[in-house]
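I opened this entry to work through one fold, piece by piece.

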Amino acid sequence: MSVDRHLAEIARAYPDWTIWRSDAGRWWATRHHPLTAAQREAGCAMTVDADDPESLQEKLREQEELARSADPG
């Protein structure tokens, strides 16, 4: 799959994040909105990176779960 298709696929799955691939080949995602205090305390990050798109998606899944557990309402 091409880089553009990976980017589009991840962006569709995680619309609250901006997804990109750096010139160095790392995959990155940053949140559109600031974290709440509860999310920060739960270990949520504003920006995550990974070696490949699959690893980035796994990190995003983990981040989404952390955010939901911190702010269940």
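I count a residue as buried when its relative accessible area is under 20%, and as exposed when that area is over 50%. The model is a predicted one.

**Helix H3.** I began with the helix at residues 53-70, which has 18 residues. From first C-alpha to last, H3 reaches 26 Å, close to the 26 Å expected at 1.5 Å a residue. I then looked up which residues of H3 are buried. They are Pro 53, Leu 56, Gln 57, Leu 60, Gln 63, Ala 67 and Ala 70. Why do they lie on the same side of H3? They cover an arc of only 145 degrees around the axis, and that puts them there. I recalled the general rule: an α-helix has 3.6 residues a turn, so residues three or four places apart point the same way. On the other side of H3, I found Arg 68 and Ser 69 exposed.

What do the buried residues of H3 pack against? I noted helix H1 (3-13), S1, S2, helix H2 (37-41) and S3.

I also checked the start of H3. There a side-chain oxygen of Asp 52 comes to within 3.2 Å of the backbone nitrogen of Glu 54.

**The sheet.** Next I traced the strands. Three of them make an open sheet, ordered S1-S2-S3, with antiparallel pairing. S1 and S3 are the edge strands, as each pairs on one side only. I noted an average twist of 15 degrees from one strand to the next.

How many bridges pair S1 (residues 17-21) with S2? I found five, in the antiparallel sense. Thr 18 faces Thr 30 of S2 across this pairing. The hairpin of S1 and S2 has five residues between the strands, and there Gly 25 takes a positive phi near 95 degrees.

On to S2 and S3 (residues 47-50): four bridges join these antiparallel strands. I looked up two partners in S3. Trp 27 has Ala 50 as its bridge partner, and Ala 29 stands opposite Val 48.

Is S2 (residues 27-31) mostly covered or mostly uncovered? It is mostly covered, with four of its five residues buried.

**Helices on the sheet.** Last, I took the crossing angles. H1 lies across S1 and S2, and runs at about 165 degrees to S1. H3 lies across S1, S2 and S3, and runs at about 150 degrees to S3.

Note on methods. Residues are numbered from 1 along each chain as its sequence is written. This is a predicted model: local features need pLDDT of at least 70, side-chain atom pairs count only at pLDDT 80 or more; totals for chains, interfaces and linings use all residues. Side-chain values use heavy atoms; hydrogens and water are left out. Buried means under 20% relative accessible area, exposed over 50%, partly exposed in between (1.4 Å probe, protein chains only). Helices (H or I, at least four residues) and strands (E, at least two) are DSSP runs, numbered from the N terminus. Two strands pair if DSSP finds at least two bridges between them. The expected span of a helix is 1.5 Å times one less than its number of residues. The arc is that of the directions from the helix axis to the C-beta atoms. Contact means heavy atoms within 4.5 Å. A polar contact is a pair of N or O atoms within 3.5 Å; within protein, one must be able to donate a hydrogen and the other to accept it, and residues adjacent in sequence count only if both atoms are side-chain atoms. Axes are lines fitted to C-alpha atoms, for helices over the stretch in contact, and angles run from 0 to 180 degrees between N-to-C directions.
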